[in-house]
Amino acid sequence: MSVIIFIASIPTGAFAYGFSSTATPLLLIRYTNKQISPILNFIEMFQNLTNVILNFKNYSIRSLVFTIFGTPGVLIGSIVGAYILKISANETLFKVIVYSILIPLILLQAAGFRKEIGLEKWKKIGYLVTFPVGVLYGVTTISGPPLALIINNQGLTKQEFKFAIAVLRTVESVSTFGAYLTLGIFNPQVIYYATVTSPAVIAGMLIGIFMGNVIKHKEDFRRLVMSFDSWISGYGLSFNLAKVVDYGVWYWPMTAIIAIDLYLLLRYIKGRRRLLK
């Protein structure tokens, strides 16, 4: 588990998100959501608070307005998501649903989907947009891909982006932690695992921060992380799908997802080459 936690902490240090979307697909192959979500949530509380402190200098009125009107949605949604996790029964089917939601979000982000909402409209519908993101986090501790997709479409600078996503993820991680405690999902073993893996978390984040500062084209690194996440999620979907449907077709979802990502990756590389000419 420490190796997975270490790898997942690197994009968090570089981009202020990406921890759960990297760790969860890998851990779900062996563990259940109820086993890993409290551990990842407990770790993420400290990661997100650290990212708020590190990126506080990047705040702006625009990013503050975005976080203020997005907060109610992730706050309420994360509590609802924690309750859904509590009452879930069929773990295998639950994993299939989680992967099925996560994969399109990763691929949309990889495709560079953009559609700016605008702050005035955001003030009216921001909480509605972020509510399902909060639900997803409460269930899986994953919210980086959908939040990144939403924030990237608001016209924020990269610095404002890192501040906004760190604040929203801090809100949802703290509210989810409270819900886990109240619902009895959190247990003392979580603290043990979080303590044992803390060196891996710190080392991964420090490497991520370093890479974020020295890598000239951060988008290339972020795109590589998304490909890794989509391939792992594709395997996780197929692996669990084989348990609920005919085993003979289990590899098709993984094959299709890899093919789509390779197409998007090739398109991204061609686009980068045109920009460099």
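Residues 24 or more positions apart account for 83% of the contacts in the protein chain with a separation of 6 or more. Contact here means heavy atoms within 4.5 Å. The model is predicted: local features need pLDDT of at least 70, side-chain atom pairs count only at pLDDT 80 or more, and totals for chains, interfaces and linings use all residues. Residues are numbered from 1 along each chain as its sequence is written, and side-chain values use heavy atoms, with hydrogens and water left out.

Now the fold. The protein chain has 11 helices and zero strands. Helices (H or I, at least four residues) and strands (E, at least two) are DSSP runs, numbered from the N terminus. The radius of gyration, taken over C-alpha atoms, is 18 Å, close to the 19 Å that the globule rule gives for 277 residues, so the chain is as compact as a globular protein of that length. That rule is 2.2 Å times the number of residues to the power 0.38. The C-alpha atoms fill a box of roughly 45 × 40 × 40 Å, taken along the principal axes.

Next, burial. Of the 277 residues, 53% count as buried. Buried means under 20% relative accessible area, exposed over 50%, and partly exposed in between (1.4 Å probe, protein chains only).

Take one residue. Leu107 sits in helix 5 (residues 91-110). Why does Leu107 count as buried? Because its relative accessibility is 12%. Leaving aside neighbours within four places in sequence, Leu107 touches Ser230, Ile260, Asp261 and Leu264. Ser227 is 120 residues away along the chain, yet its C-alpha atom and that of Leu107 are separated by 8.5 Å.
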